[in-house]
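Student: Could we go through this structure together, one question at a time?

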Amino acid sequence: MTPDRGAAVPGLRERKKERTRQALSDAAVALFLERGFDSVSVAEVAAAAEVSKPTLFRYFPAKEDLVLHRFADHEDESARVVAEGRRAGTAPLDALYAHLLDGLARRDPVTGLSDHPSVLSYLRLLYGTPALVGRLHAYRVRSEEALADALAAGPEGPGDPLLARLAAGQVVTVLRVLAEENTARIAGGETADEVAAGAVEAAGLAFRALREGLPY
């Protein structure tokens with residue numbers, strides 16, 4: 001993922017907190033993969049991570065957040081890409097498209113184009129657990145809201161908030177569908193390398209539709 005050059009470098013305290021979050025999430029996901037999300041209690045996660053339940057809840061207000069932590073850095077990713085692109089003189093859709101192609105080339109799991117065993121196991125856990133699917137929807141809503149804010153904050157001043165929301169909804173949906181298509185093909189037995197060319201072609205088709213309008 002492209003770093004946000006406009007963001008402040010986190011201090012030692014924040015880096016330590018992030019390492020703790022990651023350790024808690026890793027311990028939880030390992031247990032969930034072994035025994036199933038619904039079969040593991042928060043108390044068991046806390047014990048495995050050697051922290052108290054109150055400490056765990058300070059970092060993760062809900063059990064589902066222990067799993068969705070891996071998406072946390074991506075929640076406002078599209079919004080950051082738009083902001084960075086504008087600073088470089090790049091139009092929002094061009095910046096988002098280039099970022100997607102870069103993610104596909106890197107086999108970023110968020111694009112669905114990853115066949116690493118740990119990623120596939122994680123996705124089976126995520127999409128096979130109704131509570132996590134529901135929490136994922138809330139993440140996507142926040143991602144859409146952040147992108148809408150970034151789109152509306154154009155160089156000419158605040159844009160139409162409704163148009164920004166409509167555009168953000170389309171972009172977030174396109175990225176979700178493309179990732180799901182890649183994930184489904186890999187789950188069906190293809191390798192990431194076998195899916196890659198089709199994934200790039202689909203990305204081009206999708207972004208042409210965003211630019212030119214749907215043919216219906």
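Student: In which loop does D38 lie?
Tutor: This is a predicted model, in which local features need pLDDT of at least 70, side-chain atom pairs count only at pLDDT 80 or more, and totals for chains, interfaces and linings use all residues. Residues are numbered from 1 along each chain as its sequence is written, and side-chain values use heavy atoms, with hydrogens and water left out. Helices are DSSP runs of H or I with at least four residues, and strands are runs of E with at least two, numbered from the N terminus. On that basis D38 belongs to the loop between α1 and α2 (42-49).

Student: Is D38 buried or exposed?
Tutor: Buried means under 20% relative accessible area, exposed over 50%, and partly exposed in between, with a 1.4 Å probe and protein chains only. Because its relative accessibility is 65%, D38 counts as exposed.

Student: How far apart in space are D38 and L125?
Tutor: In sequence, D38 and L125 are separated by 87 residues. From C-alpha to C-alpha, the distance in space between D38 and L125 is 11 Å.

Student: What is the relative accessible area of E50?
Tutor: E50 sits in the loop between α2 and α3 (53-59), and has a positive phi of about 60° although it is not a glycine. Most residues other than glycine have a negative phi. E50 is exposed, its relative accessible area being 73%.

Student: What is the relative accessible area of R107?
Tutor: R107 is placed in the loop between α6 (92-105) and α7 (117-127), and its phi is positive, about 60°, although R107 is not a glycine. R107 is partly exposed, with a relative accessible area of 26%.
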